[in-house]
Amino acid sequence: MNLFLARRRPGQLAALTAVMLAGGTLAAISLDSAFANDKAFDATSKVQKDFKPIPSFAPLVKDVSPAVVSVTVHLKVQQADNTQAQNGMPPGMPFAFPFPFPQPQQPQAVEAKGSGFFISSDGYIVTNNHVVKNAKSVFVTLSDGSKLPAKIVGTDPSTDLAVLKVKRDKPFPYLQLGDSAKVVPGQWVIAIGNPFGLAETVTTGVVSALGRDIGDGQYDSFIQIDAPINEGNSGGPLLNQRGEVIGVNTAILTPSGGSVGIGFSIPSDMVRRIADELIKSGHVTRGFIGVQVQTITPEMAQAMGVPVHDGRADGALIAETMPNGPAAKAGLKPGDIITKVDGKMVRDPRELALAISGIKPDGKASITYLRGGASHELNLRVEKMPANAEAAFAPGGSKSGPAMHKPELGLSLAPLSDAARQQLNLPDNVSGALIAHVAPNSPADEAGLRSGDVIVGVGSMTVNNPDQAVAAIRKAEAAKAKAIALRVMRGNQALFVAVPLPKEKAGK
């Protein structure tokens with residue numbers, strides 16, 4: 001009202017005030033008359049008569065709350081420099097993953113709090129790995145206030161999950177894990193946890209999106225929700241309207257450290273598999289086929305003749321295969337594009353990692369892949385992932401040839417000497433063409449190549465020296481390709497880089 005009146009001229013203001021005062025008197029007389037004659041103005045009675053309550057979550061919360069616990073962790077005394085860095089987060093990043101837990105600036109006892117929930121009557125509890133990481137001791141507080149010491153049964157940093165165990169004479173109430181494959185955006189969800197130490201806090205919202213990759217690891221496939229979750233909610237359950245757990249609340253996106261309505265939960269299907277393995281063996285065993293893969297950029301798709309739909313190309317491009325690994329033994333090669341595993345579509349490297357990791361070692365997998373634009377299928381036996389999978393990769397080769405130049409691409413190539421291998425920290429059996437120089441603003445420079453990279457392949461063809469590299473590039477040029485896919489070693493990492501050819505070389 002003040003804003004409205006402030007826009008009137010002084011004369012209008014006085015007149016309006018008088019009318020308002022007069023109207024107030026008249027309104028009082030009119031209302032008295034109305035109440036004396038009938039009840040038409042009794043709005044409360046009308047609401048009560050037509051009352052149809054919105055479905056309440058209260059009965060559900062009452063039933064499931066006893067199975068949710070607060071987790072108190074006494075951290076090991078250690079010297080720490082930065083809370084985010086200690087938890088694997090670069091300072092200033094918007095993703096609070098995991099929720100920042102206090103770390104001692106000086107050697108001292110530190111206590112942190114999180115959440116968890118029972119998944120069995122005999123005391124097994126699911127929580128986040130980052131809740132119990134570096135724990136000296138762990139206690140859980142039940143809804144009745146009782147406090148019990150907890151044993152860490154097992155942890156899986158790759159998915160940020162952990163299982164605890166507590167004991168008492170009578171059974172514990174527990175929650176059922178639901179089917180996260182049936183979760184859809186827009187459905188109601190309920191989060192229960194211990195934000196900022198406020199036990200049994202309930203928040204509600206909807207599923208915002210599925211399959212979110214927040215850059216924390218190769219197994220990211222989070223349920224995004226808008227139900228407010230904060231520090232201390234970590235490890236707490238995300239429930240559907242049936243009271244089933246469909247996720248474990250784990251992370252938020254935030255510019256300030258507090259909830260802005262973008263939270264992330266680990267899907268229950270993943271929780272079930274990981275928790276079962278942790279309970280059985282204390283660790284998680286994942287499948288492994290021995291490939292390094294990368295996303296197919298539009299430029300790379302053009303270079304390799306892969307169709308692009310809606311601005312993206314589906315599949316996981318094999319950059320390298322492990323010598324004598326399952327993929328290599330089955331016949332897969334660098335340059336092949338994996339599109340399906342056991343008939344299920346693979347859209348990117350993350351989906352391939354999720355699919356293979358879920359196959360038990362010694363199990364078989366059906367792989368559909370593209371090679372030279374044609375689709376093929378093969379079966380391979382999945383192996384157990386080695387402790388240091390990256391160290392298992394090293395392409396073979398032979399002697400290097402003389403120095404060569406490709407000025408139209410902006411590349412100067414040189415033999416890969418033993419001294420260069422040592423300086424670049426390359427395995428002894430790596431062979432290829434060393435990129436000695438990249439011309440500024442050249443096609444190679446714009447594609448991201450740099451001095452010290454080693455070309456080990458052109459498309460699916462392996463090259464062992466500069467001669468072979470130049471010959472393979474010229475062959476691609478003669479075929480009027482628009483771009484060339486170069487397979488390079490950068491340190492211990494193998495990757496493809498798409499380099500566009502000059503227009504006259506591309507046949508335009």
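This is a predicted model: local features need pLDDT of at least 70, side-chain atom pairs count only at pLDDT 80 or more; totals for chains, interfaces and linings use all residues.
Colleague: Which residue does Lys-113 pair with in a salt bridge?

Modeller: Residues are numbered from 1 along each chain as its sequence is written, and side-chain values use heavy atoms, leaving out hydrogens and water. A salt bridge puts a side-chain nitrogen of Lys or Arg within 4 Å of a carboxyl oxygen of Asp or Glu. Here N to O comes to 3.8 Å, and the partner of Lys-113 is Glu-111.

Colleague: Is Asp-336 buried or exposed?

Modeller: We call a residue buried under 20% relative accessible area, exposed over 50%, and partly exposed in between (1.4 Å probe, protein chains only). Arg-371, its salt-bridge partner with closest N and O atoms 2.7 Å apart, is partly exposed at 27%. Asp-336 has a relative accessible area of 1%, so it's buried.

Colleague: How far apart in sequence are the parts that Asp-336 and Arg-371 tie together?

Modeller: Helices (H or I, at least four residues) and strands (E, at least two) are DSSP runs numbered from the N terminus. Asp-336 sits in the loop between helix H9 (326-330) and strand S17 (337-341), while Arg-371 is in strand S19 (residues 364-371), so the separation is 35 residues.

Colleague: Within what arc do the buried residues of H7 fall?

Modeller: The buried ones in H7 are Ser-268, Met-270, Val-271, Ile-274, Ala-275 and Leu-278. An α-helix has 3.6 residues a turn, so residues three or four places apart point the same way. Taking directions from the helix axis to the C-beta atoms, these buried residues line one face of H7, so they fall within an arc of 140°.

Colleague: Which helix is among the elements covering those buried residues of H7?

Modeller: Contact means heavy atoms within 4.5 Å. The cover includes strands S4 (124-128), S6 (147-156), S7 (161-165), S12 (245-253) and S13 (263-267), and the helix is H10 (349-357).

Colleague: And how many contacts does the model have for residues 391-403 beyond four places in sequence?

Modeller: Overall, the protein chain averages a pLDDT of 79, with 79% of the residues at 70 or above. Residues 1-36 stay below 50 and have six contacts beyond near neighbours in sequence. The stretch 391-403 is also under 50, and its count is 42.

Technical notes: pLDDT is the predictor's confidence in each residue, from 0 to 100.
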